[in-house]
Structure formats: C-alpha cells, structure tokens
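Me: Could you walk me through this model, one question at a time?

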Amino acid sequence: MTPATAGLDGAAGRYTGSRVHRVEDPRLLRGRGTFVDDVVRPRMLHACFVRSPFARARLGAVDATEALALPGVHAVFTAADLNPGVHEAWYTSMGKDVPDTPRPPLAEGEARFVGDPVALVVASDRYVAEDAVELVDVDYDPLPALVDYHDGPQADALVHERYAGNVAGSLGAPCPDDLAAVFASAAHDVSVTIHQQAYAPVPLETRGIIVEWSGEELTVWAATQAPHEVRMFLARLLGVAEHQVRVIMRDTGGAFGQKVLPMREDMCVALAARLLPAPVKWIEDRRENLMAAGMSRHEHGDLRMGFDGDGRVVGAYIDHTQDVGAYPTPWPVGTAAAVGMLFPGPYRVPRAGFRTTSVFSNTSGRTAYRGPWQFESVAREVLLDIAARRMGIDPAEVRRRNLLRRDELPCTNPNGMPYSDISPAETFEQALAMLDYDAFRRQQAEAREHGRHLGVGTCTYVEPTTTGMAYYGTEGATIRIEPTGTVNVYVSGGSTGNSLETAVVQLTADALGVDLADVRTVQGDTAVTPFGAGTGGSRSGSMLAGAVAETAGVLRERIVAIAAHLLEASPDDIELGESRAQVRGTPAAAVPLAKIADVAYFAPAKLPDGVPAGLEASGRHHARNPMIWANATHVCTCEVDVTTGAVRLLRYIVSEDCGPMINPSVVEGQIAGGTVQGIGGALFEHLAYDEDGNPLTTTFMDYLLPTATEVPAIEYGHVETPGPGPGGFKGVGEGGAIGAPPAVVNAVADALAPFGVEITRLPLTPATIVELIEGAR
Amino acid sequence: MGEIEIELRVNEAVTRSTVPPRLTLADFLRERCGLTGTHLGCEHGVCGACTVLLDGDAVRSCLVFAVQADGHDVTTIEGLDGPDGSLSPVQQAFRDHHGLQCGFCTPGFVVTAEAFLRDNPDPTDDQIREAVSGNLCRCTGYQGILAALRAAADAVET
Amino acid sequence: MKPAPFDYHAPTTAEEAVALLAELGDTAKLIAGGQSLVPMLALRLAVFEHLVDLGRVENLRGIERVGDSLRVGATTTQSAVERSEVAADAVPLLARATPLIGHVQIRNRGTVGGSLAHADAAAEYPAVALALDAEMEVLSPTGRRTVASPDFFTGLWSTAVGDDELLTAVRFPVWSGRCGFAIREFARRHGDFAIAGAAVAVELDGDDRVRRGTIALFGLGPSAQRSDPAEAALGGAAVDDVDADELGQVAVASLDSVPSDLHGSSAYRRRVGAAMVADAWRAASEEARHG
C-alpha cells in the first residue's frame, strides 16, 4: 500500500474512498450512545406543554391553581411569563433581514393549530408533568379555522391578522405573455395540476433539549443538526453573549431537517430555564412530534410544458403554492423559490418561468425536510410521464430527447441556475441499463396479457448541494496531534446519522498519513469546536473535507519540516504514511509521528528554525462556489393489484453522481434512507387533518412509516464527475428523498396506463388507486 | 397510590427497587438502572426502539410495567456484548454491513435480531424481513439491517 | 406520553381476580398482555384507578386438546399458539391467523384471551372464534358459564363478559373430515390492523358438496361477524358451483356499518372484503378437496 502523499485526492487516499468501519458504531451498537434524553443533570426538572385542542381559538385566562397544587409541580408558565423574555429571535442561517413570519414562544392571544403550545408545566418528572398538564384550565373561545391552504386567499379566517389573504409571501411572476405564446404555438401544450400531501421528517428520536442556567453560563444539551446555530440563536434570544452559551450534542437520532433550527418549544425551555432554580429537560413525545414538530411537502403546482412535434421541450412554467401552516420554521418564502428555479431540471429547456406563493393555514408549521424543494422533481417528472403518454412516446424516450448531454455543459438553465459538473444523461442510461428497460417492457407486455399490471417509472434530477452562501460558506477544523502522536480533530458536528465522525477521521488520517486507529474526532460541543453551520443542504462532506485539508496542510508542512530536520534530509524528500515520516525510497530513514510530536512539544530546542512548538492548528475552508451540483436517476418497477390497489415495488435502482465517494457505504446508506423516505411519501405517509383541523395521524398506528416488509432491495449505480470543491466531493444527503416519490408515482401510473389513468395527487394509497381505476372505467 | 417493591434480574444482575405501578419497564431501565441504550421512539408500542428480552422473548418495554417484570429476567442491549466490550456476532454484522446510521433504533433491532436468530438459525430472506418488521428505522432504508441479519444468519449456519 | 396513576393488583388465582373486580367495580381494568391496553393508557385515552394483572394467575395459561376441542387458556400468549404443534394440528385456522397479528414483540406479550376480550373489529382472533363456533369460558363471582361465540361479540369493543367477569379460556372445536381453512386480510403494511379480512372454514362431503361452511369477516363492521348470506349460498352447494368472486360479493352486499377512515372508504373496504372472502374460499375449499 502506498502511503498517502496527496491527502484529499479522493480516490488516491488510503482510507478515503473505502468502506471503512464507522467509528460511531461501537458505542451505538452497545447501547452506550449519548442521546439528549440519556443526559441527566443534578436536580433536573421535566417540562411538558399544554397544547391547544382547537385549530383556532381565542385564548382567555389560564388557571394553573390545581396544577400547581399537585405535589412535584414546580411551575406553570404562560405566554405572559415567557414571551417578554425574548430579546431577538432570528436564525443565523436566514439572517435578520428576511421578512420573517411570526414565531412566538407560547401562543399569544390566539391558538393557531391543534398542538399550539399554550403553557409550559415544569415538574419533578415527566409523569407528574403530564398529570399537571391535564389540570391546567385554559379558557378557549373556538374560532373558525382555515384548515385547507387551498382556501387561504379567499377565506374569511386569517391565520395571522397582518397577512391579507393568508399569504406569507410570493416570488416570481405569472406566466409572461411571450412564454404563453410559446405554449400556445407548441405542437403539444400540456397543462396539469399536481398535488402533494403533507408528510414529515419523523426522525426516530423526537426533539429534545436540556437547558441549565448557572447565572453566568447557559449550558444546553440538544438534539440538533447545528449546535452552533442553537448557541447563536439562544444567545440572542436571551440577550446573553454568545460565549456564555455552550451547546453540547453527542448523538442525535435522525433529523432530516426537523432539527436544523431551534423551534418554539426550544425557545420556551430556554426562557423557562432562566426562571427556574434547576436544569430543565424537555423530551417531545411522539404525539407532540406528529402534531407540532412541523410538516413538509404540502403543496401543489399548476404546470404547463410545451413540446415540439418531436417531443422536445420548448417551454416550462410552474405556478407553485405551498402550505406553510401556522408557524413555519424558517421563513418559507425564499426556500420555495428553489422549486421554481429548479423546475426545468436536467433538461434542455429554452424558456421557463415560475411563481411561488406561501399560504398560511391553521395546521402545524412548515419545516425544512430533506430536499425542501423536491416538489420541482415531483411536478416535472410526473408531468413528463403524463405528457409522454399524451404524445404517444415512451416516457424514457421523451427524457432521452431532452436530457442535457455532457457536451452542452456547463450551462445555465432558463431560470438562472448555473449547472456544471453533472451527468444526467449518463446516470439515466446507466440506471436504465441496470434495469434492462427494453426487457422490462417485454415482461410488462407479457404480464398484461395475463391480467397483471406491472409498471416502470423514472426520475432524473439535478440538485444544488453545499451552498457557499453566507452562514453556510465556511467550515473550520482544529487538529491536535497530541504529544504521543495520536490525533484529535475538532469540527462543529451536527451528525444525525450521517457518519460525520467516520468521514472526518478518514479524511484526517489520509491528510496526515496516519493510521485510522490513531485518529479520533470531537464534535458537537460549541465550547471546544470551531464554528460551523452543521448538517444541512448536503454540505458536510465537501465542507469538512475542505476544513480538514486546510488545517492538515499546515500540520503536514510542520511535520515534514521537523522530520527533515531530524533525518537530516531535504523536506522535499520526506513522505508521510502509516503514522511516520520517511525519506522517500529509504525506509530505514524514518521517524514515527510520535517522536516528531514528542520533539514538537517537549524538546522545542530540537526544532528547525522557524517551526513553532506543538502540533496543533486551526484552519477554515471557504467555499468558492455558490453551490456544487449533484444529480441522479431513480428507476422503480412495481406491480399493482387492481382489486385491492396494493402496490408492490419490484426493483429499485439509483444511479447517482456525487463525485468521488469518501465512504461508499455511507453514500449508499444516505441514498437508501432518503429513497425509503420518498417511497413512504409516495405510498404511505400522510400528515392528515379532518375538516375541523384535528390531526388524524398523531400516532405510529396512523402515520405509516415504511417497514422492512414494504421496501425493495435498492441497487446502486455510480457515475463519478468530480465537483469543483475539495476532493471533488459533492453532497448526497438529500437526493434520495427527492428522486423517489416521482419514480414511484410514475411506476404506478405506468402500470395503470392501460386504464387511461392519470395520477396527479399523492399519496397513492391502495384506496386512491382503486378510486382512480374505477374513475377511469 | 402505593409504590411496589420489585426484584428482577437485569442483565444477569439482581436488581431491587420500589416503583410506582405506572412506571414502564422502559423508564425503569433508563431511569432507575441507568441503562439508557433502551430508547423510546413512540411510547405506544409501534416503533420497537425499546425492545428488550423478557425471559428471553423480545418485547416492547414501553408496553410492560416495571411491576409486571417483578421476578422476571430482563436483557437489554447493554447485556448483549461480551464482558470485554467486544461486539456480539449480531452487533458485528450490523457494523460490517452499515446496518445503522443515527443509532437510535439500533438497540431495538439488535435485541430483536438476537432473539430471532437464536430461534431461527436458518431463516429465509422473507422471514428476516418479517422478523424486523416491528421495528422502525428512518435512516437506513433497512438495506444495511437486512444485509446484517442475512450475514449473521449465514455465519451461524456455517 | 405517560399513563395516569393507578393501583396495581396481582392476584394469583382467577377467583381472586374476579373478587377484585367485584370489589373495585368499573374503576378497575384487567390487564393481560397489555398490548392494546397500555398504548391507550399511555395516550391517556383510557384511565383506570386499578389494574388487575392476570400475569401471575398460573392456571389461565396453556394449550391442550380436550376431546374434540382445543382448550386455550386466556393468558396464553399468541407466540405460544404460534409455536404450538398441538394447536397447528387441531385448529389450523388458529395457527394460520396467529402470524398475522401485529409483530413478534406484540405476539410475545399479547394473549389469546386479551385479543378476544378486547374485541377489536379488525382483529383476527374474534373472526377465527366465530368461524369455528368457539366457546368462551367465563368466570363470574357466582360461578362459571360458557358463552357461544356469536353471543360473545356484542359490538364495538364490547363483549358479553361483564365488568365483574373474567374470560378464562376458549374452546375451539376440532373440525374433522374433509376440511379446509383459510384466513386472508389486507392491511396498509404488514402487521397493521386489517382494512378488511375474512376467515373461512369448510367441510366437504364425499361428493365435494359443502357439509359445513362458515365465513367470518373482520374490519367490516363494529365487530367481527359471520356472513349469513354467504354461508347460506354455500349450504349444500357443490364446490365447483361456487363462484368465489360472487361469494365475496354476497358476503359484503348486505353489510350496513362498514367503517370509513383515512385508509379507505366503506365502499373500498367492501371491495377488499369481497376479495378476501374470495381468496380465502379458494384456499379453504382447495384444501378441503385435496388435503
């Protein structure tokens, strides 16, 4: 094995690019992880929220007398107690200048959805806190609610008084006349409205936070994707200095966007902690999580796409409207623009336009969820299949005629998105080849003759990862080579299952030429790690690689200088590997890193001139690109039982281009996890409300996550186009959840094509499939 | 409401405690025994994260009251690895096959898998899927978990 | 999500349990495996001042062949049924229904008596009991009585077991002769409560005519129920003359309180129910004919 000489050259590294065992696993497999609910503090109290049972109600008096009389109850806080404690409440990731939507800690004046936190009970344990919640008497005066955001602009009810027509904001423009003219003169002018239901991230670990105020320092244990954002946000919230706040997270049990920002409950707990004599823990229960931790995906698009006589796209327009619930987190309007801007996708689309409108409703607020803009793919890819059938061309063929080819790249899409370093045509062909598309079509035809309904669907998308903007634009690392030669790497963290510890250890071992076992990493403690934006936007791989490279580069230079001095060789002849430095070609002339470290710390007199004592450095990577593009193709086949409407997924193939892989197992794990969430969204998951605004799916008996018996084996294909950032790495965290819903929908639609069915509404429950078939008959 | 004295074996150690009847076995293990590897993902008996062995059978510890476990034998995730901290074959298979990501559901899967493979040393792929269908995972898409069980079963067989 | 406080009682005999029920009245609830009850307690959808645990009542557990019936103690776990060769041999329908209940962790705690006494409309065991004409042994403060399965299920989550009574065992008749049994159900996911399901038991005479044929439906009303019209259609019919799909239609045609929810309308459930009856009939009659 050649010692690594070029630390971050993805494929060439000793560990980078290989399926090394995860460093997180031993503690997690043995039940010795530390999730927020595992943390116990002396005298710790437990919090539970009183939540509105009404979708909309005027709030009268809160009578806590009985609750406070219950032994073990310490306090019952209302909005009057907590809300005045807010100094500032804006997110670093969004900046303070966005026209943010309301987000009071406890509901003020009016409760705006079922689950809206109205009061906070603090007691000696969660059992007693729940007893006390039942004893808090809130005077509710129910008001007419706006449950369905479709009704928002016309509704008499206003979710927030100062937002006319319940519109939180709008971007883009109505379809311009010249684009409308393109459609009107196109050989095929395809209009369709596609609806997506509300579903949610649903991490297996719910939200949770412990806040301890010492009078000078606020210490916070949190389930979070971004400990430094939690720190900055809470410091501003409470009006204390950033360095008075320490946020610690070790293990977080999944997040997928839901834990990217502190939400209203976190604000309440932090505000309450200032008023309590002891630390306070809040662990959300599952009912709260499904009722109040936010929803995503609820939106629709009025779509129009024009094609010429050969099925080539001549123009595309989306008028997008999304439900943002009562209290969206964060400001939802800007994110929604991505739906419009990415709607043309990886296709050659000469003309395009979009408008996006965010509408409030008296339901759980919209939150970030893995590929928050994924509706662009749902809309476009489902539309393409519908258009293909209307034109009488195979859906794969329509895509083949329109997909961007390598010789057309880089290029800018008609909405201004600057695509580069992508391979949509290649992933498409690879995925179809893995399936043997033509063979499947033959099998399908044969099956149809026997009354069986098979279908195939695809989705090809292009995805911006690793945004280089503002808060997300830099990432730091500190590396300490300890006096014994072992290595600790400090990065901000925020790993929620995405293996950031393993990735950083791999990257550092290669960058310094040390053995994997000699490297450990410290993450998720703002007191000791450099600032970083945490997990989000598929950024961690690239940004951490940059941070490690930046920092390790400084140390390599120092190690080489010391080694050269000790070995009496030229620095140019020193190579590093296997935790030692040696003169190239002369294995006998070598010095272990432990010896170099020993000299660096304990014998500074032996150091060459100009080399500082110690082996510790900090560096910060600064992203040079506004984003790094990734792309993939999903192909799904299914069989539909037209009697029951049951869908059985047969094969599932993902061909993706995330550039070189730091760890293929981690990449595939991200793809599979996202894909199964997308399958859930297409077939099972629905955060539903009745017409009065009562949530119908607040347990796992009603909110259906896919289980091992519902998911197919996932097959992976890789195409590797290095991106412009460190190591050529691209993001891969979100794509699975983007590509899967349209692939599954298209597969079902393909199976049902003989019935003349067009699918425009998710989710595809067995009952809705039967309804579609019956409706078409 | 009277508290009740109980005595049970937890990971082979005799444990005595006085508990309110409503304390779930899951909370007893986490709060009274400090065995926080047993996780609570739903507290209503669907997600499987709190699975432990009760007299050798995989059960949801959120649906058992600690008082009901009086006199019985409980094994948690912390009781499955070797005395030297080495991973059990099932745990090792999860590691080898990327069978975990965030690790929150993992103890429930591992405990379920240990009991399943003990009782079904030569399972089919469908039996493996069914065996873990009472455990929810949101990170892995189940791919690595199913591969881990397959590998652990094959290792037992040979 | 923590249960409200309650007092806990752990009787060691059935008589003691019944005496406790008589003493505590409707503030008490029996708990066996707790797989349906504890979630309701945790969600505080149900609150009781007293729980009377049957877990330590020894003589309520066990599976034995008694003459021409299989007697299953009320606190016998579903897993014990699943593993029982005696049960599989004597009452194949019971054995085949068991793996459809929830998941392994549920079956390891969930009991036969608990499932019957809880009487969920979409549960499997009530349908099995109905299809086989099982008899329930009930202990009350005044003595023992036997309840035939049609009299046992009285409506939504309700049975003939009184507040001060205890279901102690179930006797499933062992069908002999040229018999076939099948249970089919459709659920959103494996292990979920069924959207609709059917259990069919059939005995043929030497000429392939139906000597005895029963059809029990679940998920299609407030409780499991026998389909009288479909059974009437089977009476004395030659197997070859029975159109399975038609039988399914007949079974659901006259149902009048089919539930409707997020997972499907009444009409959808009927459609699925008909398909389940048809499938179950095909499998059961095939088995009766060919063994």
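This is a predicted model: local features need pLDDT of at least 70, side-chain atom pairs count only at pLDDT 80 or more; totals for chains, interfaces and linings use all residues.

Me: Thanks! What percentage of the 777 residues in chain A are buried?

Reply: Residues are numbered from 1 along each chain as its sequence is written, while chains are lettered from A and ligands numbered from 1 in the order in which they are written. A residue is buried if 20 or more other C-beta atoms, placed from the backbone, lie within 10 Å of its own. For the 777 residues of chain A, the buried share is 62%.

Me: Why is chain A as compact as a globular protein of that length?

Reply: Chain A holds 19 helices (DSSP runs of H or I, at least four residues) and 28 strands (runs of E, at least two). The globule rule, 2.2 Å times the number of residues to the power 0.38, is compared with the radius of gyration over C-alpha atoms. For 777 residues the rule gives 28 Å, and chain A is as compact as a globular protein of that length because its radius of gyration is close to that, at 28 Å.

Me: How many residues does the contact take from chain C and from chain B?

Reply: Two residues are in contact if their C-beta atoms, placed from the backbone, lie within 7 Å. Chain B gives 24 residues to the contact, and chain C gives 26.

Me: Which elements of chain C give two or more residues to the side that touches chain B?

Reply: Both strands and helices of chain C take part. They are strand 1 (7-9), helix 2 (37-42), strand 3 (50-53) and helix 6 (104-107).

Note on methods:
A residue is buried if 20 or more other C-beta atoms lie within 10 Å of its own, exposed if 12 or fewer, and partly exposed in between; C-beta atoms are placed from the backbone.
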